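Welcome! Take a moment to look over the model below, and then we can walk through it together.

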Amino acid sequence: MEEIAFNLLEEPWICVIDKECKIHEVSMLQLFEHAHEYADLRGELATQDVAILRLLLAVLHTVFSRYDLNGEQAKLKNADDALDRWEAIWKNEKFPIKPIRVYLESQRERFWLLHPERPFYQCNYAKIGTEYTAAKLNGNLSESSNKVRLFSGVSGKNKNYMSFSEAARWLIYVNAYDDTSAKPSSEAKKLSEKPPSPGVGWLGKLGLLTIGGNNLFETLMLNMVMLSSDKAVYGLENPIWERKDVPSDERKKIPLPDNLSELYTLQSRRLLLKVSGEKVTGYYLLGGDFFEKNNAFLEPMTVWARKESKTEEIYSPHRHDASKQVWREFASIIPELQDTNRRPGIISWLNILEEEEIIDGNYMLKVRIASVQYGDKDFFVTHVFSDSISMHSALVLNLNQEWQKAVMNQVEFCDKLAGYVWKLACDVNLSAGGSNDTSKAAANHLKERFYLCIDEPFRRWLCVLNPQTDDAVLKAKEWNFQCIKIAESLGKEMISEVTSRAIFGRSGISAAGAINKFMSKLKKVAQL
């Protein structure tokens, strides 16, 4: 299809949910104008929502680094300018649409999904790349030509094509999370040096972390990080649509950008949609831009893990563990300042906002994770998952390290009791004649069940913690008591189901002895 069609500024394509829980497709301009009226983004996957959130943030960073709320040109000069502008928008309780509309209208020609020369987020050169069907473009399916997903929400002929609005969402998603299955083009294989591997899309490398507000306006604002962790303004904003030339180099290593709009519109892949009539039937793909992920501290939306090095401090994005609830990662989300871990940039930004008294410490925010899990050297997608916790924003403040430590201690306390539960289940299974392997499997199962049992209670406990009014020691004891009771109940339930053979056991291991040891450990930790 060589014609110009489907302008993302005007056509509905972004999925949002309103306050009555109804889902709508809206255009980009409509979203910005009514963001305060929508509850949140609500696309097909939470990971897709993050990819689109970053695209929207790229627009906001570009606009408000150049214009004030009245649409007058006013470049940010320093940290005070950035904070004043952010605060003015926040207090306005909705986006000033004039500067956004003025800017986007000036870039209108760059937002055509279908265009013979500059299709949005695409590259005509990608025609020499790997060809995929629409089923691979759809992240709910993610099927390759030789691997059909057994269970999916889309089947039959519907897998072979998608609408322009669907394709726009998945185009952004694939650029952000694509696996490593695509091979170099035949042109790249002719080169004397083998082209480097870009790895998965940039967001697929991260332990993604975003902040949720009371509506979509607040969510966009809270994630609009206008200062780095050391309170410096970023470089001049340079989103992909403003570039004079479309990037076309295959598998190209680039320097780390110095501005967030360029980072948020990184072309991890060279893509080109295949169109037949009014439908997208597939796409072409090549490896795109990538940079060194170690110490890439411009990225604010990831948790970090310190890597062993004798010569320098090296931090790498740390992917989330799909088997763990988000609260179990509290230590990496809000690490203590004296710890060897590094705070996510988005948490440092919230800390700045509270230190400057721009947002209230009583503000209830949602800390959200979303992640794609890959298998076999990131060659294919195995799992997509998301989670969130609600808590008072005061918990992220530097001055509340005592509270942060208290929460971390309670997470560790949960892990300790999970270990007791595991040991109990293992010994009981052995006493009933189980092998080491079956006993460990049974123990792992009960341990997972314990975490499920304490999951909702812990979230409720964390949600109501208020560092400004509560006593940290008393709140910790309150959770200790509740957690011990849950572990005790689970242990007694297990013992009530064992056979008489297991009660007396074998080779010095008995269910009776195991439960006695278990209860003794619980009694001991209850007295601490």
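## First look

How many helices and strands does the secondary structure of the protein come to? The answer is 16 helices and 15 strands, where helices (H or I, at least four residues) and strands (E, at least two) are DSSP runs numbered from the N terminus.

A word on the source: this is a predicted model, in which local features need pLDDT of at least 70, side-chain atom pairs count only at pLDDT 80 or more, and totals for chains, interfaces and linings use all residues. Residues are numbered from 1 along each chain as its sequence is written, and side-chain values use heavy atoms, leaving out hydrogens and water.

## Overall form

Along the principal axes, the C-alpha atoms fill a box of roughly 80 × 55 × 55 Å. Of the 528 residues, 54% are buried, meaning under 20% relative accessible area with a 1.4 Å probe, protein chains only.

Let's zoom in on helix α2 (residues 46–64) and helix α4 (residues 97–106), which pack at an angle of about 105° with their axes 10 Å apart. Axes here are lines fitted to C-alpha atoms over the stretch in contact, and angles run from 0 to 180 degrees between N-to-C directions. That angle makes α2 roughly perpendicular to α4, a label for 65 to 115 degrees.

On the α2 side, V59, L60, T62, V63 and F64 make the contact (heavy atoms within 4.5 Å); on the α4 side, P99, I100, Y103 and L104 do.

Terms used
Parallel < 35°, antiparallel > 145°, perpendicular 65-115°, else oblique. Buried < 20%, exposed > 50% of the residue type's maximum accessible area, 1.4 Å probe, protein only.
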